[in-house]
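Please look over the sequence and the model shown here before reading the notes that follow.

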There are 2 protein chains.
Amino acid sequence: MAIFQEPDPVRPDAVEAATTLFVCVTCRVEGDASEIRAGRRLHDALVGALGADPAVRLVPVECLSACRRPCAVSLTAPGKWTYVYGDLAAEAAAPVLADAARLYGATADGLIPWKLRADPIKKGAVARVPPLALPGQTP
Amino acid sequence: MAIFQEPDPVRPDAVEAATTLFVCVTCRVEGDASEIRAGRRLHDALVGALGADPAVRLVPVECLSACRRPCAVSLTAPGKWTYVYGDLAAEAAAPVLADAARLYGATADGLIPWKLRADPIKKGAVARVPPLALPGQTP
């Protein structure tokens, strides 16, 4: 589990820009015959895990084209790196993702420090895209 | 090969917003022992394939976290869906990607019509992320 840290008070700009968490609600997980799809269950569990947190905007999406690695989500915010994560357990992944969204929101650039990333976040990276205003070559 | 179409003149807004094509220059392709990495060769070939086209901004990046599916690139523009493509041949993929970047630039939302997508674009989708201002549930 990631450790949630309060946003750094010296970076109020990073807190003001809301984090968006897109969740693919059409993802199915192999062998899961549930009537409600895994992606939808993950989304619904995130509603509970995030509560009324105004810093994270949860948005269901019909496909993130990460169909080889369900369940899939994306974390994004203006001016930050966008991340796509896959291979996520359905509703069981909600607490880790809620933590990750808050950690992401506390960064200035979207790069969550490696040691704070929970295992599903470390292992589930599908892709990342720089912000349009890329500050040089960020490795 | 995709068919290049001139941008629709009734949509000047779609043309004004420059397309950004991020290219991972650290991607290696399995079995390729060349001194210059495959991703760098793809980037360099794109410099030639795009020529001086002012509508496409080519940006080298050190990692798109799509390391399972090299070579990898991303197409993005303000207000459009962002796409990440992988499994691309090195320099051989440059003409198809240059076409795709121009087709992407001619769309209002980043969704290139399926019939205009070349095979490497159809098969290489790694992920896509909606624009922040998502107009409802776009499938």
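**Helix α2 of chain B**

Helix α2 of chain B (residues 38-50) has 13 residues, which at 1.5 Å a residue should span 18 Å, and this agrees with the 18 Å between its end C-alpha atoms; the expected span is taken as 1.5 Å times one less than the number of residues. Helices (H or I, at least four residues) and strands (E, at least two) are DSSP runs numbered from the N terminus.

This is a predicted model, in which local features need pLDDT of at least 70 and side-chain atom pairs count only at pLDDT 80 or more, while totals for chains, interfaces and linings use all residues. Residues are numbered from 1 along each chain as its sequence is written, chains are lettered from A and ligands numbered from 1 in the order in which they are written, and side-chain values use heavy atoms, with hydrogens and water left out.

- The buried residues of α2(B) are B:A38, B:G39, B:R41, B:L42, B:H43, B:L46 and B:L50, where buried means under 20% relative accessible area, exposed over 50% and partly exposed in between (1.4 Å probe, protein chains only).
- Among the elements of chain B that cover these buried residues are β1 (19-24), β2 (56-61), β3 (73-76) and α3 (94-105).
- Just after α2(B), the residue B:G51 takes a positive phi of about 60°.

**Aromatic pairs**

- Over all chains the count comes to 2 aromatic pairs, a pair being rings of Phe, Tyr and Trp (its six-membered ring) whose centres lie within 6.5 Å, with planes under 30 degrees apart called stacked, over 60 edge-to-face and the rest tilted.
- In chain A, A:Y83 and A:Y85 form a stacked pair, with 5.7 Å from centre to centre and 10° between the planes, and both A:Y83 and A:Y85 are buried.
- In chain B, the rings of B:Y83 and B:Y85 have centres 5.7 Å apart and planes at 10°, so this pair is stacked.
- B:Y83 counts as buried because its relative accessibility is 4%, and B:Y85 is buried with a relative accessible area of 3%.

**Charges over rings**

- The charged end of A:K80 sits over the ring of A:Y104, 5.2 Å from its centre; this requires NZ of Lys or CZ of Arg within 6 Å of the ring centre and within 35 degrees of the ring normal.
- B:R128 lies over the face of B:W81, at 4.0 Å from the ring centre.

**Chain A as a whole**

- Chain A has 4 helices and 5 strands, which follow the pattern α-β-α-β-β-β-α-α-β along the sequence.
- Of the 139 residues in chain A, 50% are buried.

Methods: Contact means heavy atoms within 4.5 Å.
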